[in-house]
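Good morning, colleagues. Please look at the sequence and the structure on the screen while I take you through them.

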Amino acid sequence: MVFGSYPDALQLTGAAIVRFANTFLDAFKTKDFVLIAIFIWDDSKATRYALFQQQNDQTVCCPLYTNLALES
């Protein structure tokens, strides 16, 4: 499978982890597992995502939080 970019791969992998946790782990059967994913770009900027599922929905939501400039 070819991804459009590395953040796409990060989001796809994160979505799989969220769905696995909410489906198979007893502690998260109520779909309250939240995964924070951070992608660091070559220019030292970071993009942060929060991945989660809402009740009675199989879709994994992924709002973009912010782009951060990392200090060196």
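I begin with Gln53, which counts as buried because its relative accessible area is 6%. Buried here means under 20% relative accessible area, exposed means over 50%, and partly exposed lies in between, with a 1.4 Å probe and protein chains only. Before I continue, please note that this is a predicted model, in which local features need pLDDT of at least 70 and side-chain atom pairs count only at pLDDT 80 or more, while totals for chains, interfaces and linings use all residues. Residues are numbered from 1 along each chain as its sequence is written, and side-chain values use heavy atoms, with hydrogens and water left out.

Where does Gln53 sit? Gln53 is placed in strand β2. Helices (H or I, at least four residues) and strands (E, at least two) are DSSP runs, numbered from the N terminus.

Which side chain makes a polar contact with the side chain of Gln53? That partner is Asn22, at 2.8 Å. A polar contact is a pair of N or O atoms within 3.5 Å; within protein, one must be able to donate a hydrogen and the other to accept it, and residues adjacent in sequence count only if both atoms are side-chain atoms. Leaving aside neighbours within four places in sequence, Gln53 is in contact (heavy atoms within 4.5 Å) with residues including Val18, Arg19, Lys31 and Val60.

I turn now to the strands. β1 and β2 pair in the antiparallel sense over six bridges; two strands pair if DSSP finds at least two bridges between them. Ala37 stands opposite Tyr49 in β2. The hairpin of β1 and β2 has four residues between the strands, and Ser44 takes a positive phi near 70 degrees there. β2 also pairs with β3 in the antiparallel sense, over two bridges, and Phe52 stands opposite Cys61 in β3. In the hairpin of β2 and β3, with six residues between the strands, the positive phi belongs to Asn56, near 55 degrees.

Next, the helix. α1 has 19 residues. Its buried residues are Pro7, Ala9, Gly14, Ala15, Val18, Ala21 and Asn22, and they pack against β1 (35-40), β2 and β3 (60-61).

What makes up the largest nonpolar core? It has eight residues: Ala15, Val18, Ala21, Phe33, Ala37, Tyr49, Leu51 and Val60. α1 (6-24) and β2 (45-53) each supply at least two residues of this core, and α1 gives the most, with three. A nonpolar core is a set of buried Ala, Val, Leu, Ile, Met, Phe, Trp, Tyr and Cys residues joined through side-chain atoms within 4.5 Å.

Finally, the structure holds three aromatic pairs. Among them, Phe20 and Phe24 form a tilted pair, 5.2 Å centre to centre with 40 degrees between the planes. Rings of Phe, Tyr and Trp (its six-membered ring) pair if their centres lie within 6.5 Å; planes under 30 degrees apart count as stacked, over 60 as edge-to-face and the rest as tilted. Both Phe20 and Phe24 lie in α1, four residues apart, about one turn of the helix. Phe20 counts as partly exposed because its relative accessibility is 44%, whereas Phe24, at 57%, counts as exposed. Phe28 and Phe33 form an edge-to-face pair, 4.9 Å centre to centre with 80 degrees between the planes. Phe28 is partly exposed at 24%, and Phe33 is buried at 17%.

How values were computed. The expected span of a helix is 1.5 Å times one less than its number of residues.
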